[in-house]
Amino acid sequence: MKIAFFDAKDYDRPAFLRIGKAQGVEFKFFETKLGEDTVQLAKGFDGVCVFVNDDVNAAVIDALYGYGIRVIALRCAGYNNVDVKRCYGKIHVVRVPAYSPYAVAEHTMALLLTSVRRIHKAYNRTKDFNFSLNGLTGFDLHGKTAGVIGTGKIGRIFARICSGFGMRVLAYDKYPSADVEATYVSLDRLFEESDVISLHCPLTEETYHLIGRETLEKLKKGVIILNTSRGALIDAEALIEGIKRRIVGAACLDVYEEESDIFFRDFSGHIVEDDVLARLISMPNVIVTSHQAFLTEEALENIAETTVGNLVCFRDGGVCENELCYNCGQVEDCRKQRKAKCF
Ligand code: NAI
């Protein structure tokens, strides 16, 4: 089975080559993203493997179908960049629903500790043989209140990590769960009482700009905002206002609403056009990482293993539990009940 692998990065290759070889799946790596201009590269392959910023729109799907391609393997959980309805009846779409919730939760705590103990500043100082401690005063997390929004796979692990630090943990979830180490409260109470707020809910119409101008008035003064979920959960301009008004004490962002043309790329020799991002990065109490929370060896191994497993399942004619259900838009539920392919 020959798969065209788009938007390939150096860190993707080892696990995909090794696991693919063992299962008879051969990958050809293309550094370019899949889109209307590059889709012809997929000619002659049995399938394509894509990531979060490949643009799999209707025209691309029609072209892939014309080349005889019958499977798109997403090596990520989200699929907002694939026109899944257009795929119905033509091309099967499989994904990796979870790769390492620990990777994301641990990165969130790494950002929080970096921020409260000023590690990013201390690192730069000692590199320059400056051993002064002025301006590096942090605070104890022990005894502080963490507010976790979204207690699914990642949020519940972050809640447990916070408990381990001796923090009081409040949580808000649209669908609370009995086995989460936190006290569920209303969103307003979480905003009012939390010293640290961490976002772990999905991006939906309901959660779009969850942290926005109106929210600022409800927050505890000096709160630290952590976002390792999706950029558009925060209105970045409102965040800047909150920081300037000293309501928000610090922000740690692994995701950003307008990240798709910027993150994963090297702009170090260029002028970045995005003034909002540039302003955030210029602030001493803002830490930005480039959507790297997932990036651990364990997660990369899981992504490769699940993706190859999905492709093998498709090749061998089985019902793949990680296939999307494009027909009704319910993603997983109806197919699980029917135990059959969508088409
Ligand atoms: P999950 O689906 O296991 O959990 C999401 C939770 O959010 C669920 O408990 C759900 O009930 C809750 N939720 C849904 N709507 C809500 C609402 N309106 N208000 C409050 N809670 C709501 O998802 P998982 O795996 O924990 O992922 C969480 C987020 O992390 C996702 O947005 C995902 O895209 C992001 N993520 C980020 C990565 C990174 O590298 N930065 C890597 C992987 C995931």
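## Methionine 283 and the model

Methionine 283 sits in the loop between helix 10 and strand 12 (286-288). Helices (H or I, at least four residues) and strands (E, at least two) are DSSP runs, numbered from the N terminus. This is a predicted model, in which local features need pLDDT of at least 70, side-chain atom pairs count only at pLDDT 80 or more, and totals for chains, interfaces and linings use all residues. Residues are numbered from 1 along each chain as its sequence is written, and side-chain values use heavy atoms, with hydrogens and water left out.

Methionine 283 is buried, at 7% relative accessible area. Buried means under 20% relative accessible area, exposed means over 50%, and partly exposed lies in between (1.4 Å probe, protein chains only). Leaving aside neighbours within four places in sequence, methionine 283 is in contact with Ile240, Ile243 and Lys244. Contact means heavy atoms within 4.5 Å. Lysine 85 is 198 residues away along the chain, and its C-alpha is 42 Å from that of methionine 283.

## Helix 9 against helix 10

The axes of helix 9 (residues 236-244) and helix 10 (residues 275-282) come within 10 Å and cross at roughly 30 degrees. Helix 9 is therefore roughly parallel to helix 10. Axes are lines fitted to C-alpha atoms, for helices over the stretch in contact, and angles run from 0 to 180 degrees between N-to-C directions. Angles under 35 degrees count as roughly parallel, over 145 as roughly antiparallel, 65 to 115 as roughly perpendicular, and the rest as oblique.

By class, the contact of helix 9 with helix 10 has six nonpolar, no polar and three charged residues. Ala, Val, Leu, Ile, Met, Phe, Trp, Tyr, Cys and Pro count as nonpolar, Asp, Glu, Lys and Arg as charged, and the others, Gly among them, as polar.

## Helix 4 against helix 6

Helix 4 (residues 101-116) packs on helix 6 (residues 153-164) at an angle of about 45 degrees, with axes 8 Å apart. The two helices are therefore oblique to each other. Helix 4 contributes Pro101, Tyr102, Val104, Ala105, Glu106, Thr108, Met109 and Leu112 to the contact, and helix 6 contributes Lys153, Ile154, Ile157, Phe158, Ile161 and Cys162. By class, the contact of helix 4 with helix 6 has 11 nonpolar, one polar and two charged residues.

## Cysteines

A disulfide is a pair of cysteine sulfur atoms within 2.5 Å. By this rule, the count is zero. For cysteine 201, the closest cysteine sulfur is in cysteine 162, 16 Å away and too far for a bond. Cysteine 201 is buried, with a relative accessible area of 10%. Cysteine 87 is buried too, at 0%.

## Two further positions

Isoleucine 197 lies in strand 9 (residues 196-199). The residue is buried, at 0% relative accessible area. Not counting residues up to four places away in sequence, isoleucine 197 touches Gly147, Ile149, Leu190, Phe191, Leu219, Val223, Ile224, Ile225 and Leu226.

Glycine 222 is in the loop between helix 8 (213-216) and strand 10 (223-227). At 35% relative accessibility, glycine 222 is partly exposed. Beyond its neighbours within four places in sequence, glycine 222 is in contact with Asp195, Arg246, Ile247, Val248 and Gly249.
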